[in-house]
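Take a look at the structure below. We will go inside it and then turn to its charged pairs.

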Amino acid sequence: MRDKEYGHWADGGKEYVITERKTPRHWYNYYFNDTYNAFMSQVGFGEGFCQDDMGRRVRLVKDRCIYICDRGKNTWHTAVGLPLSESYDLYECHHGLGYSTIICEKNGVQSEYTVFVPLKGDCELWSVKLTNLRKTDAELSVVAYADTECDGAYTPQGYNSYAVDFDSELGAIALFLQGKKFGDQKRDWYEYMLGGNESCGYDCRRNAFIGVYGNKEAPEAFGETVGCKNSACCTEKMCFALESACLLPSGESKTFCFRIGQAESKE
């Protein structure tokens with residue numbers, strides 16, 4: 001660690017700014033309230049857990065990523081600085097108390113991706129601010145992706161028993177778990193990803209988005225055309241992937257918000 005400079009303190013010591021993506025190990029920051037615990041590294045790796053009074057956990061987020069899709073040029077890159085083989089015009093990760101913000105600049109688009117856990121609630125919140133640095137308008141979309149184990153662990157040779165789809169009434173991907181034991185008794189639960197902006201695409205099936213042999217650094221959904229494929233999931237491994245689009249004029253910014261959580265009812 002002493003052989004190389006990886007970042008510096010900023011804002012009077014209130015946050016540490018990591019300027020080198022490839023640190024010796026993942027550089028994690030932690031966020032939590034009484035019922036939800038999460039952590040994320042300088043390149044987006046991390047998990048999120050709902051937790052009851054006995055310390056039993058639901059692994060709601062196994063991993064997370066944000067993709068910036070240039071729909072006009074049919075190209076894409078991540079807002080977390082991955083893969084490491086790709087060059088970025090700007091990269092910074094700001095680890096502060098209770099939040100992390102990853103700032104990236106690539107192909108004339110700047111992104112600010114912030115993750116934090118609110119003071120109350122079984123959820124984590126994501127904010128993605130895009131700024132068009134080009135001299136022309138940009139046709140962009142943001143894809144928020146979270147791998148999950150709320151429906152069980154993923155095994156290539158196995159089957160999952162739940163059916164998951166996009167709920168147009170909620171504008172969310174929602175998994176209904178009937179009689180799921182969490183806490184002191186069996187109750188009904190919804191595990192969900194909710195978008196704060198209008199969604200133009202989604203994927204609930206992991207193999208439709210990531211692919212059987214893919215990974216989050218090269219989703220198979222971004223093959224011929226970038227963007228979600230509107231896949232439902234039945235007896236396969238689920239995922240959360242929501243896409244929102246915008247036409248962003250030169251020099252302007254737009255913010256997209258997402259919430260991943262657990263609730264006892266649709267309300």
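A cavity is a set of grid points where a 1.4 Å probe fits but cannot get out. Keep in mind that this is a predicted model.

How many cavities of 30 Å³ or more does a search of the whole structure find? The search finds one. About 50 Å³ of space lies in this largest cavity.

Now for the charged pairs. The structure holds 13 salt bridges.

Start with Glu243 and Arg71. Their side chains meet in a salt bridge, with 3.1 Å from N to O. This pair links distant parts of the chain. Glu243 sits in strand β19 (residues 238-248). Arg71 sits in the loop between β7 and β8. The two residues are 172 residues apart. Is Glu243 buried or exposed? Glu243 is buried, because its relative accessible area is 3%, and buried means under 20%. Arg71 is partly exposed, with a relative accessible area of 35%.

Next come Lys266 and Asp167. They form a salt bridge whose closest N and O atoms are 3.0 Å apart. Lys266 lies in the segment after β20 (253-263), and Asp167 lies in strand β14 (residues 163-167), so this bridge ties together parts that are 99 residues apart in sequence. Asp167 counts as buried, at 16% relative accessibility. Lys266 counts as partly exposed, at 37%.

Asp52 has a relative accessible area of 8%, so Asp52 is buried. Arg56, at 38% relative accessibility, counts as partly exposed.

Finally, look beyond single pairs. Which residues are linked in a network of salt bridges? They are Glu47, Arg59, Lys62 and Glu149.

Definitions and conventions. Residues numbered from 1 in each chain as written. Predicted model: local features only at pLDDT ≥ 70, side-chain atom pairs only at ≥ 80, totals over all residues. Heavy atoms only, no water. 1 Å grid on protein atoms, 1.4 Å probe; cavity = no way out; pocket = protein on both sides within 12 Å on 5 of 7 lines; lining within 4 Å. Points joined across faces, edges and corners; volume = space filled by probe spheres on them. Salt bridge = Lys/Arg side-chain N within 4 Å of Asp/Glu carboxyl O. Buried < 20%, exposed > 50% of the residue type's maximum accessible area, 1.4 Å probe, protein only. Helix = DSSP H or I, 4+ residues; strand = E, 2+ residues; numbered from the N terminus.
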